[in-house]
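Visitor: I would like to learn how to read some features of this model. Please take them one at a time.

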Amino acid sequence: MVHDQSIAVIDFGSQYTQLIARRIRELNVFSEILPFSITLDELKAKHVKAIIFSGGPSSVYDENAPKISEDILNSGIPILGICYGLQLLMQHSGGNVHSTGKGEYGFAQILPDSSNVLFKDFPTESQVWMSHGDEVENLPEGWEVLSKSTNDVVAAVQKTNHSIYGVQFHPEVVHSLHGKELLSNFLFDISGCEPNWTPANFVADAIKIIKEKVGDKKVICGLSGGVDSSVVATLLHRAIGEQSQCVFIDHGLLRKNEAEQVMTTLKDGLGLNINKFEHSEKFLSKLEGVKDPERKRKIIGEQFIRSFEAATTTLGESQFLAQGTLYPDVIESGGSALGPAVTIKSHHNVGGLPDDIEFELIEPIRELFKDEVRKVGKELGLPDFVVNRHPFPGPGLAVRILGEITPERIEILQNADDIFISILHERGEYNKIWQAFAVLIPTKTVGVMGDARTYENLLGLRAVTSMDGMTADWYNMPYDVLNECSSRIVNEVKGVNRVVYDITAKPPGTIEWE
């Protein structure tokens with residue numbers, strides 16, 4: 001999708017880079033994460049209205065420290081450097097950055113110049129979040145200080161009479177109490193952006209693009225029953241009607257009774273043109289004996305495509321395959337052609353596609369974070385039970401069954417997961433949680449049941465809160481709910497005698513275990 005305006009978030013390796021992009025989008029301006037190797041011509045092709053340099057773990061004086069193109073710095077496009085980004089601007093302009101050996105980490109107070117537009121509507125003293133070892137020692141000629149911290153560290157600067165700014169703190173982090181106001185001032189007052197990144201505008205643009213791309217050809221839409229694929233299917237239906245057919249592949253790795261729920265709620269409830277294909281034996285046979293999670297994902301990704309290709313023989317030839325790839329999928333899988341990210345894990349619809357795919361891909365929500373997809377779903381009129389459904393991975397239970405996948409292990413996990421999710425609904429916890437699921441761990445433990453020794457499976461429970469899936473905190477589940485989950489699972493699921501609760505945030509962990 002080509003945008004009439006966008007904000008380039010240049011990634012220098014900060015743990016907060018995705019947060020910068022999210023905060024900008026929350027202000028209804030489109031943002032995209034891009035690598036520091038990008039050129040000015042590439043930025044101009046993206047209609048970049050402003051540029052934000054992220055923080056990063058390097059020192060600007062490191063031998064291999066990331067730099068930015070001279071053309072970009074001299075382009076006249078408004079720039080905001082954050083942390084490492086500020087230090088890069090200082091070094092490039094002839095200033096001096098050094099380390100005192102102490103640094104500032106965590107909460108700090110700054111004294112902003114509220115007469116400057118960057119700090120418009122700020123109080124005389126404001127709490128911010130610092131995370132830096134280096135600091136500005138000498139300002140280059142032609143720059144001015146806009147704020148210092150109460151520790152007398154330079155906290156914000158501006159190139160005099162230019163729209164180039166730097167801040168030593170992190171406005172994208174919620175601990176910076178007026179960070180959103182600073183970003184708003186930079187976007188609207190300094191860069192002249194318009195707040196037009198809205199669900200309604202996205203829907204209108206997506207439908208227009210689908211119509212133009214597809215023409216009179218046909219599209220197969222991979223449907224899982226989750227909000228992502230349901231939004232894609234509905235966008236296609238709005239754009240091209242009967243030219244789009246949904247294919248629901250039952251790969252045998254779905255949650256308990258999920259196949260039946262998809263057909264009744266989406267086909268009958270939403271009126272989508274859904275065709276169900278039973279391919280569980282094909283998937284399970286190819287996964288037999290496979291334990292490595294990356295191999296699982298790639299096997300499933302390739303078989304999905306083969307199953308779609310087989311579906312065309314009964315549904316008629318289709319030129320396009322539509323799928324619900326999201327922006328976090330792209331980032332975690334190593335990014336796009338211009339992407340900045342290191343591969344964390346392959347997503348079956350990004351890193352697992354075979355090279356000889358016979359379809360041309362349509363990915364209408366590839367630029368969206370998960371919460372944005374939910375907003376688009378509401379804009380499209382999808383029911384709450386679809387829009388608010390927890391994310392479910394494309395490879396299904398394959399990445400929640402650690403180690404080898406067998407029919408017996410699938411049944412154990414399906415039953416345990418069904419109990420867990422049912423209890424969360426019953427106890428009013430489900431809608432407070434971003435994602436919750438059970439994990440079957442390839443470890444057996446000794447137990448005692450009915451005065452007899454047992455040696456059965458260990459089961460993990462995972463529940464997290466998040467805005468977009470890029471970062472997440474473990475959910476502080478009430479003890480009585482955990483107690484009920486553990487008691488019912490151990491008593492009702494044959495093959496499980498011990499339950500544990502995962503209290504790992506993302507980072508350092510990922511949400512899924514594989």
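Guide: Start with the polar contact: a pair of N or O atoms within 3.5 Å, where within protein one must be able to donate a hydrogen and the other to accept it, and residues adjacent in sequence count only if both atoms are side-chain atoms. This is a predicted model, in which local features need pLDDT of at least 70, side-chain atom pairs count only at pLDDT 80 or more, and totals for chains, interfaces and linings use all residues. Residues are numbered from 1 along each chain as its sequence is written, and side-chain values use heavy atoms, with hydrogens and water left out.

Visitor: With which side chains does the side chain of Glu-363 make a polar contact?

Guide: One is the side chain of Gln-323, at 3.0 Å. Another is the side chain of Arg-366, at 2.7 Å. Glu-363 itself sits in the loop between strand S14 (360-362) and helix H12 (370-379). Helices (H or I, at least four residues) and strands (E, at least two) are DSSP runs, numbered from the N terminus.

Visitor: How do I read a sheet? What is the order of the five strands in the open sheet?

Guide: Two strands pair if DSSP finds at least two bridges between them. Here the order is S12-S11-S10-S13-S14, with parallel pairing. S12 (274-278) and S14 are the edge strands, each with a single partner, so one side of each has no neighbour in the sheet.

Visitor: Now burial. Which residues of H15 are buried?

Guide: Buried means under 20% relative accessible area, exposed over 50%, partly exposed in between (1.4 Å probe, protein chains only). In H15 the buried residues are Val-481, Leu-482, Cys-485, Ile-489 and Val-490. They cover an arc of only 150° around the axis, which puts them on the same side of H15. That arc is taken over the directions from the helix axis to the C-beta atoms. The face turned away from the buried side carries exposed Tyr-479, Asn-483 and Asn-491.

Visitor: What do the buried residues of H15 pack against?

Guide: Contact means heavy atoms within 4.5 Å. The buried residues of H15 pack against H14, S15, S16 and S18. Those of H14 pack against helix H9 (280-287), S15 (435-449), S16 (452-465), H15 (479-492) and S18 (496-501).

Visitor: What follows H14?

Guide: Gly-428 does, with a positive phi near 75°.
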